[in-house]
Every structure is written in structure tokens, then in C-alpha cells.
Amino acid sequence: MSPNPRHNGKGTNFSDLLEFHVPADSKAIGNVTDRIIEALEGLGIAEEKRLEIQLAVQEALANAVVHGCKNDPTKEIHCRVQADPGPGFSPDRLADPKTAERVQADHGRGIYLIRELMDEVSFQGGGNQITMRKY
Amino acid sequence: MDINVRKRADVELIQLRGQLRLGEAVDGLRQVIEESLGNGDARLVLNLAEVPMIDSSGIGLLVRFLASTKQRGGSLKLVQPSKFAIQTLRLVGVLNLFEIFDNDDAAIASFA
């Protein structure tokens, strides 16, 4: 993991951004989400909200690793956390994983969880980028 | 994630500590449960008291092994999932697939 050297993620000035470039390796995701959660904790954000954000970021990064990069660790994922990210758009809703046909599947819940946990979710770049907001 | 496995009254008791998420945690738990199933043990109790978060990969694993254990005449039962884990399982509509218990003893006794 190579975080932006200007920001260590442990301060309380979250208007600064956290920025990570990580290999597309499932084992690297946890380090990123742990660092983000440390930063949120430093801001005094309640545990429930921290967990919701952590899970949403975890799902977004997991999708990037598994579906975007096909688990190829030579590829790199760029994760950027900002206090006020730019505008996006609302994508069409994905299939509901709670339907009788899908509820026992072992995959297909990540984006649904992100949309349920975060207040705003938008996709850019043909799906290569996701922007999430939690108020 | 720490994974501790014990056997009590012919039930595999798996104690987890840490986030159950894609990567080492999900891989480790998959390996442990596959070993149990390979040894003919299909009665599993998963203690989640120290698991603050379960991601969709972890949920997928639980759902898959719930089906696997049931196919073998057993089950995968959960003990003390956190409030957030319960909320997550409910959000994706799988909470009611699982039997949930307040403690290990009650979960183990339910197999009798």
C-alpha cells in the first residue's frame, strides 16, 4: 500500500484527503479500510456510522479487485477519500439480492450493500470509478 | 482474523475474532470449514461475538456453507453476531436463513 505521503490518515483534519494506491490484491484491501476507519475515529464519528462507511468502502474495493482487475495484483487500484467529493449521478438500481432466486447465492450483494449503507452513490468512467457520500 | 476451532459434543465450534471480509479472513474460514466437511463434520457453530463486520464475501461464504452443511444432514449456526452484523445480514435478506443463539452451549445443545 502506498498512501499519499502528505497525509498519514491519523489526523483530525479530514478536509485533507486520504489517497491510496494499492495492488489489486484482496489481502491489501483491509489495510486501506483500517486506515480510513482510524481517520474517521479521529474525527469522533460514531461507531455505527464508521462501520457503515468501512463496509461500503470494503465492498467497493472488493469489486475493483475481483471484477475490475480480475484479481491481478500487477494492476493498481486508486482510492481517494475526501471531505467533499465532486458531483456524480444516480445509477439504475441493480438486481435485488433478496429475491427468492438470489437470496442463497454466494455473491452479488456488494453494490446493494453500498447503496443501502451510504447516503449517495454514483458511478463514473463507465463504472471504473465509484463516489460515495455519507452525511 | 483469529480462528479457533474446538470440538464439543460432536459439534465443531469455530470462534472468530476480527473482521470477516474478503482476503485472509474469508480464505482462512473457508479452509477451516472445508476441512471440517472433509472430515465428515457438518454440525458447525460459528461464534461471531468478536466479529464487528461481515462483508458480502463473508456473507456469501456463510450462505454457501449453510447449504453445504444442510446437504450433509448438519447445519451452520451462529452465536452472538454483533448488532451491525445482524443489520447487514438483514439488509441483504439472509438473516432468517440462519439459526442464531445467545451462547455456544445453546447452539451446541440445539443439535441434540
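**Figure 1. Chain B, read along its sequence, follows the pattern β-β-α-β-α-β-α-β-α.** That makes four helices and five strands, where helices (H or I, at least four residues) and strands (E, at least two) are DSSP runs, numbered from the N terminus. The radius of gyration of chain B is 12 Å, close to the 13 Å from the globule rule for 112 residues, so chain B is as compact as a globular protein of that length. For that comparison, the radius is taken over C-alpha atoms, and the rule is 2.2 Å times the number of residues to the power 0.38. Along the principal axes, the C-alpha atoms of chain B fill a box of roughly 30 × 25 × 25 Å. Please keep in mind that this is a predicted model, in which local features need pLDDT of at least 70, side-chain atom pairs count only at pLDDT 80 or more, and totals for chains, interfaces and linings use all residues. Residues are numbered from 1 along each chain as its sequence is written, while chains are lettered from A and ligands numbered from 1 in the order in which they are written.

Figure 2. The average pLDDT (the predictor's confidence in each residue, from 0 to 100) of chain B is 96, and 100% of its residues score at least 70. For the model, ipTM is 0.85 and pTM is 0.81. Of the 112 residues in chain B, 44% are buried; a residue is buried if 20 or more other C-beta atoms lie within 10 Å of its own, exposed if 12 or fewer, and partly exposed in between, with C-beta atoms placed from the backbone. Two residues are in contact if their C-beta atoms, placed from the backbone, lie within 7 Å. Among the contacts in chain B with a separation of 6 or more, 73% join residues 24 or more positions apart.

**Figure 3. Chain A, from the N terminus on, runs β-β-α-α-β-α-β-β.** Here you will find three helices and five strands. Buried residues account for 32% of the 135 residues in chain A. Of the contacts in chain A with a separation of 6 or more, 58% are between residues 24 or more positions apart.

**Figure 4. A close look at the largest nonpolar core, which has 62 residues.** Such a core is a set of buried Ala, Val, Leu, Ile, Met, Phe, Trp, Tyr and Cys residues joined through C-beta atoms within 7 Å. The residues with the most contacts inside this core are A:Ile36, A:Ala56, A:Ala60, A:Leu61, A:Ile114, B:Val45 and B:Leu46. Helix H2 (residues 47-68) of chain A gives the most to this core, with ten residues. Not counting residues up to four places away in sequence, B:Leu46 touches B:Ile14, B:Leu16, B:Leu76, B:Leu78 and B:Val79.

**Figure 5. Helix H2 of chain A, end to end.** At 1.5 Å a residue, the 22 residues of H2(A) should span 32 Å, and its end C-alpha atoms are 30 Å apart, which agrees. The expected span is 1.5 Å times one less than the number of residues. Just after H2(A) comes A:Lys70, with a positive phi of about 50°.

**Figure 6. A:Thr33 sits in helix H1 (residues 26-42) of chain A.** A:Thr33 counts as buried because it has 24 C-beta neighbours inside 10 Å. Leaving aside neighbours within four places in sequence, A:Thr33 is in contact with A:Gln54, A:Val57 and A:Gln58.

**Figure 7. Helix H3 (residues 110-117) of chain A is largely enclosed by the rest of the structure, because six of its eight residues are buried.** Those buried residues are A:Gly110, A:Ile111, A:Tyr112, A:Leu113, A:Ile114 and A:Leu117. Their cover includes H2, strand S4 (120-124) and strand S5 (129-133) of chain A, together with H2 and H3 of chain B.

**Figure 8. Where the chains meet, 22 residues of chain B are in contact with 22 residues of chain A.** On the chain B side, helix H2 (56-71) and helix H3 (83-91) are the elements that give two or more residues. H2(B) gives the most to that side, with eight residues. By class, the chain B side has eleven nonpolar, seven polar and four charged residues; Ala, Val, Leu, Ile, Met, Phe, Trp, Tyr, Cys and Pro count as nonpolar, Asp, Glu, Lys and Arg as charged, and the others, Gly among them, as polar.

**Figure 9. B:Gly23 lies in the loop between strand S2 (11-17) and helix H1 (24-38) of chain B.** With 21 C-beta neighbours inside 10 Å, B:Gly23 counts as buried. Apart from neighbours within four places in sequence, B:Gly23 is in contact with A:Ser26, A:Lys27, A:Ile29 and A:Gly30. B:Gly23 and B:Gly58 are 35 residues apart in sequence and 9.7 Å apart in space, C-alpha to C-alpha.
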